[in-house]
Amino acid sequence: MRFFMFALAMVVLVIALTILGLTSSLHAQPPKKNQIKELVQQALDHWQVPGAALAIIHDDKLVYLQGFGVKEKGLPAPVTPDTVFPIASCSKTLTVTLIAMLVEDGKIWWDDPVRKHLPWFRLADPLADWNVTIRDLLTHRTGLGKHEPLWYKTPLTMEERAKRLQFLEPTYSFRSHFEYQATAYGTAGLAAAQAGKSTWEDLIQKRVFTPLDMKTASPTYPGAGKVDLAGPHKLTARGVVKLERYPLDIPDPAGTVHASVRDLSKFLQFILRGGVIVTPDQKQKRLVSRDNLFETLSSQMVVPRKGLAEMLNPHTNVLTYTLGWVAQDYRGKWMLLHGGTVDGFRVQLTLVPEAKLAIALVNNLDRTWMNFALSNTLVDRFCELKHIDWNNYCESIDKEVQRLEKQSLNAVLASRKKGTKPSQPLANFAGKYFYPAYGTCAIEFAKDSQGNDELLWKWNQEQSRLEHFHFDTFLAKAGPADAIALTFQLTDTGLPAALRVMERNFRRLP
């Protein structure tokens, strides 16, 4: 099981409300360009972000477009409005817009059975298997848990991942609960591609990127040297350091789009215009009907407002998911947004339709809350809402989460039974272990630099050295997730038969 499981304590709410109580009673005016620049720079400094880019649409005009900081720490090249970032899960907003266009063409329908377009698709739950629709995939209500090992650093194609969903037992009953499921969402993109008689990457290029003049946008990692790319970073005890790029080179409708903030502004303006673009000769051209586009923005599933979701949204009463956006009431305004995160990058897209406001924000630091904090700050300023110090507010929550993670880890470490040894020589544990959905992982026997026996865990593109914890349980020193425990299970005769890891039992292969 993972070490960093945690429960958010009520003390977070106390800290949060304390900060919120210190807000000013003065109303701000919509900010000028120099004021926006100051707000961005404050956020960059607060969160130690190397570089970012921001685009703002207001009253149907691009009122702000600017890059900040550097693409890579230690190098002078600046982030510009045309610097390309992976937008990660914000790819879903583009994919669902493509599906709306195919609905317009009569090639697919929101409530089509998935197997109408993908005859091979199956789910383990008989009720879900028989009834699952495109809408179910797009609203994260199949009943499946997250199962991130299906997509994170996997060599599998999108179709191979989708076919493995049938081996996963449901976490919830069908259509009863919202649970973010990236692989199921990507499967909807596969179904749309089949309906459009092409590939997802070809359709998203022809139907979305090209008509919207999104020159830098690509369905996957464009490759080094082909475009102006931002570099990934993470925050460590030594400060901000460069991070190895996660290439995202296998097409995935749920998460592999790359684009500049200039191009994202064109997409957001298209959404605010209700599916209309303005051609170079200043004529309006409709790419999708208002009804079909607005279906993608309409609430479909209630998102439980508890834990971190509650703490980060103290002014929200209703939190929902549409067909590709999070929708909520925010300080008296109806707001739609979607975040994206992948190794070394964060992205935030925000829409406030009644204020005719849209914000695209990208940066190159891993797991920062800068995007969320700055987006809220800008919404507050443009909508003339009372000032809130979102940087300090989000930081207080982040610090408490880190404290609780450390507390949870210490509790696990305290449970260690000292003086125990593995039940047999380490070489006996070596072999290949298989779980139908996640595939095969390998345990290899090796010698360390001092000549001592050790075990290595290899899974997908990751390799971790295992450290003995107690009995037949080992810890992955570094791996495809947070600190991970691996426990070997024995047969009646005492031989290794299975490996419990990532909350799944991997059967040992002959």
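Okay, so by salt bridge I mean a side-chain nitrogen of Lys or Arg within 4 Å of a carboxyl oxygen of Asp or Glu. Keep in mind that this is a predicted model. By that cut-off, the structure has 27 salt bridges.

Let me start with Arg161 and Asp252, whose side chains meet at 3.2 Å, N to O. Arg161 sits in helix H6, and Asp252 is in the loop between strands E5 and E6, so this pair ties together parts that are 91 residues apart in sequence. Both Arg161 and Asp252 are buried.

Now look at Asp112 and Lys116, with their closest N and O atoms 3.7 Å apart. Here Asp112 is buried, at 9% relative accessible area, but Lys116 counts as exposed, at 56%.

Then there's Asp213 with Lys215, at 2.8 Å between the closest N and O atoms. Asp213 is partly exposed at 37%, and Lys215 is exposed at 67%. Through shared partners, Asp213, Lys215, Asp263 and Lys266 join into one network.

Okay, on to helix H2, residues 33-47. Which residues of H2 are buried? They're Ile36, Leu39, Val40, Ala43, Leu44 and Trp47. These cover an arc of only 135° around the axis, which puts them on the same side of H2.

What do the buried residues of H2 pack against? Strands E1 and E2, plus helices H12 and H13. On the face turned away from that buried side, you'll find the exposed residues Asn34 and Asp45.

Terms used. Residues are numbered from 1 along each chain as its sequence is written. This is a predicted model: local features need pLDDT of at least 70, side-chain atom pairs count only at pLDDT 80 or more; totals for chains, interfaces and linings use all residues. Side-chain values use heavy atoms; hydrogens and water are left out. Buried means under 20% relative accessible area, exposed over 50%, partly exposed in between (1.4 Å probe, protein chains only). Helices (H or I, at least four residues) and strands (E, at least two) are DSSP runs, numbered from the N terminus. The arc is that of the directions from the helix axis to the C-beta atoms. Contact means heavy atoms within 4.5 Å.
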